[in-house]
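Subject: Structure handover

Hello,

Here is the structure for you to work with. My notes follow it.

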Amino acid sequence: MAAPSLRRVGELAARGLVPDADAASLKRVAERYAVAITPAMAELIDPADPADPIARQFIPNLAELAVAPEERADPIGDERLSPVKGIVHRYPDRVLLKPLHVCPVYCRFCFRREQVGPEGETLTSAELTQALAYIRTHPEIWEVIVTGGDPFVMSPRRLAEIVRALDGIEHVQVIRFHTRVPVVDPGRVSARLVGALDSEKALYVAIHANHPRELTPTFRAACRRLATAGIPLLGQTVLLKGVNDDAAVLESLFRGLVEARVKPYYLHHPDLARGTSHFRPDLREGQALMRQLRGRVSGLCQPSYVLDLPGGQGKVPVGPSYAAPARGAEGWIVEDFQGGQHRYPPANREE
Ligand code: SF4
């Protein structure tokens, strides 16, 4: 059986992952926001490196006690957009289904950090039935995104029940799971778990990965098991100061994901979660990084850089633009990947 996750500051100190001198003050952080790091992630940390990008994602930091005025408990308005417990209905054609708020790790930058935790809510079977009834009675729902928390911490039996229930709703055509498990606890992606995802509908798995060091051989094996079962894999990355705000790191991450059969889908600008300002770059820095990736890596390796609007109005692509109307003339000026500018004609409007 796999070793359990480290959940207490004392355990982190005993493993040399936090200095003894900081342990007492870090307990204050742990009282406010949940802490957990899996053995797979703890092993990747170099305790001698104070800037280790894996540690930065999972080891509590005193900077989390500083709350910036613009930060919010519910940064993308999940609560306001929840018609019944466990459902978030933000866009007309899709909903989030959140069966639980438990994760195998607690990321220090998480946008749901005030909802997730070992005591995080899990839907009772009556609540899950009610959430599924909401989906069943809204024929405009084409896609269901099963998220949380991390749905892959559920047992294969419970996962299969959810997949079967969604399979039985005619208007739901696409099921998408969001998970960090293939990275942080890849052994959990067992044949039984993969079997539980067998669906009559198009079922996608979106995997959250932020640094190339996370792409271990066991991660790649987990992706292979999912892909061999015919499940398309997508990648989600959060742009994080001190973790991956560097073109070479992003390049290596996105190449590694594609090599593991995972198509990078979104590069998320971090949300305004409380106590996370030390992770947030400026939008301009994110755009500059996206520009550096253009031409440097294959289009297959390029995600969309997106921002979730605070308050819940949805995702907006915020990547750089390469085409602008030509000044004082018809048509466009379009920039190539080396910065060269080219004229492009307007459409011929003659009918
Ligand atoms: S795994 Fe996802 S939901 Fe869980 S703490 Fe990390 S970012 Fe948040």
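Strand 11 (residues 332–335) and strand 12 run antiparallel, joined by 4 bridges. Two strands pair if DSSP finds at least two bridges between them. In strand 12, His 342 stands opposite Val 334. The sheet is open, has 3 strands in the order 10-11-12, and pairs in the antiparallel sense. Its edge strands, pairing on one side only, are strand 10 (323–325) and strand 12 (341–344). Direction ignored, neighbouring strands of this sheet are turned by 30° against each other on average.

Before you go further, the ground rules. This is a predicted model: local features need pLDDT of at least 70, side-chain atom pairs count only at pLDDT 80 or more, and totals for chains, interfaces and linings use all residues. Residues are numbered from 1 along each chain as its sequence is written, and side-chain values use heavy atoms, with hydrogens and water left out.

As for angles, axes are lines fitted to C-alpha atoms (for helices, over the stretch in contact), and angles run from 0 to 180 degrees between N-to-C directions.

Strand 6 and strand 7 run parallel and share 6 bridges. Leu 234 stands opposite Lys 263 in strand 7. Strand 7 is largely enclosed by the rest of the structure, because 5 of its 7 residues are buried. Buried means under 20% relative accessible area, exposed over 50%, and partly exposed in between (1.4 Å probe, protein chains only).

Strand 8 (residues 304–308) pairs with strand 9 in the antiparallel sense, over 3 bridges. There, Asp 308 stands opposite Lys 315.

Contact means heavy atoms within 4.5 Å.

**Helix 10**

The length of helix 10 (residues 247–259) checks out: at 1.5 Å a residue its 13 residues should span 18 Å, and its end C-alpha atoms are 18 Å apart. The expected span is 1.5 Å times one less than the number of residues. Asp 246 caps the N-terminal end, with a side-chain oxygen 2.9 Å from the backbone nitrogen of Ala 248. A polar contact is a pair of N or O atoms within 3.5 Å; within protein, one must be able to donate a hydrogen and the other to accept it, and residues adjacent in sequence count only if both atoms are side-chain atoms.

Buried residues of helix 10 include Val 249, Leu 250, Leu 253, Phe 254 and Leu 257. The buried residues pack against helix 9 (217–228), strand 6 (233–238), strand 7 (262–268) and helix 11 (283–293). Just after the helix, Arg 261 takes a positive phi of about 80°.

**His 89**

His 89 is found in strand 1. At 15% relative accessibility, His 89 counts as buried. A polar atom of its side chain lies 3.2 Å from the backbone oxygen of Tyr 91. The side chain also reaches the backbone oxygen of Pro 92, at 3.2 Å. Leaving aside neighbours within four places in sequence, His 89 is in contact with residues including Leu 81, Arg 94, Tyr 134 and Glu 140.

**Cysteines**

A disulfide is a pair of cysteine sulfur atoms within 2.5 Å. The count comes to 0 disulfides. For Cys 223, the closest cysteine sulfur is in Cys 301, 14 Å away and too far for a bond. Cys 223 is buried, at 0% relative accessible area. Cys 103 is buried too, at 13%.

**Ala 63**

Ala 63 lies in the loop between helix 4 (53–58) and strand 1. Its relative accessible area is 29%, so Ala 63 is partly exposed. Ala 63 and Thr 276 are 213 residues apart in sequence, yet 7.7 Å apart in space, C-alpha to C-alpha.

Best wishes

Technical notes
Helix = DSSP H or I, 4+ residues; strand = E, 2+ residues; numbered from the N terminus.
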